[in-house]
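Please keep the sequence and the structure in view while reading.

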Amino acid sequence: MASSSDSWIKEYNEAVKMVDDINAMISERSSLPVSGPETQRHASAIRRKITILGTRLDGLQSLLSRPTGKPLTEKEMNRRKDMVANLRSKVNQMASAFNMSNFANRDSLLGPESKPDAMSRTVGVDNSGLVGLQRQIMKEQDEDLEKLEETIVSTKHIALAVNEELDLQTRLIDDLDQHVDVSDSRLRVK
């Protein structure tokens, strides 16, 4: 086999390993608390790995569309395309299953809305009952606000982590830029 073939197989095997890693991370979710910063970081790591895996699969697909080195037989080419298609199908299933259960919407943040409307709660209630009902509604609103506060704090932690990652990436890009400039000047001198 040609070296480009070997590199394709190596890339494919790394993608398969990444699928296994993501599946393991998804399984680990059940041992984490329902919400909180640790759970949010874990979910973010899963999303990031799924995105990286999608990029790798795009790379594998592009390597198949423009083969280099020893040409592959049509049978081998079709086999590899099927391998990539199967992996992509698994990744899409993982992404949709993960996102469906974790997309932030009102129900996942505050629980499903199962409270009756205010009018139906006041039917047949006297003045002291109305005051009690208002207190109950305010208590429910306070509880909802506490849940919202937890979510906001968690989002803040995620934003801070993203900010740190962006700072690191910026420094790495600046460092790379300096190295490119040095290499460019060395090439111009020669």
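The protein has six helices and zero strands; helices (H or I, at least four residues) and strands (E, at least two) are DSSP runs, numbered from the N terminus. From the N terminus on, the order of elements is therefore α-α-α-α-α-α. The model is predicted, and local features need pLDDT of at least 70, side-chain atom pairs count only at pLDDT 80 or more, while totals for chains, interfaces and linings use all residues. Residues are numbered from 1 along each chain as its sequence is written, and side-chain values use heavy atoms, with hydrogens and water left out.

**Interior**

Of the 190 residues in the protein, 21% are buried, where buried means under 20% relative accessible area, exposed over 50%, and partly exposed in between (1.4 Å probe, protein chains only). The largest nonpolar core has 21 residues. Such a core is a set of buried Ala, Val, Leu, Ile, Met, Phe, Trp, Tyr and Cys residues joined through side-chain atoms within 4.5 Å. Trp8, Ile22, Leu53, Leu60 and Val91 have the most contacts inside this core. Helices α1 (3-28), α2 (37-65) and α3 (74-102) each give two or more residues to the largest core.

Apart from its neighbours within four places in sequence, Trp8 is in contact (heavy atoms within 4.5 Å) with Leu60, Leu63, Leu64, Arg80, Met83 and Val84. His42 lies in helix α2 and is buried, with a relative accessible area of 13%. With neighbours within four places again left aside, His42 is in contact with Met25, Glu28, Arg29 and Leu32. In the protein, residues 24 or more positions apart account for 75% of the contacts with a separation of 6 or more.

**Helix α6 and the surface**

Helix α6 (residues 127-189) has 63 residues and reaches 91 Å from its first C-alpha to its last, close to the 93 Å expected; the expected span is 1.5 Å times one less than the number of residues. The buried residues of α6 are Leu133, Glu140, Asp144 and Ser154.

Ile152 is found in α6. Together with Leu145 and Leu148, Ile152 forms a nonpolar patch on the surface, with about 280 Å² of accessible area in total. Patches are made of residues with over 30% relative accessible area and no salt bridge: like charges are joined within 9 Å, nonpolar side chains (Val, Leu, Ile, Met, Phe, Trp, Tyr) within 5 Å. Areas come from the Shrake-Rupley method with a 1.4 Å probe; for residues, only the protein chains shown count as cover.

**Salt bridges**

How many salt bridges does a search of the whole structure find? The search finds six, a salt bridge being a side-chain nitrogen of Lys or Arg within 4 Å of a carboxyl oxygen of Asp or Glu. The table gives some of these pairs.

| Pair | N to O distance |
|---|---|
| Glu14 and Arg56 | 3.4 Å |
| Asp58 and Arg88 | 2.9 Å |
| Arg79 and Glu76 | 2.8 Å |

The pair of Asp58 in helix α2 and Arg88 in helix α3 links distant parts of the chain, 30 residues apart. Asp58 is partly exposed at 45% relative accessibility, as is Arg88 at 25%.

Arg79 and Glu76 are three residues apart in helix α3, so about one helical turn separates them. Arg79 is partly exposed, at 38%, whereas Glu76 counts as buried, at 16%. Glu76, Arg79 and Arg80 are linked in a network of salt bridges.
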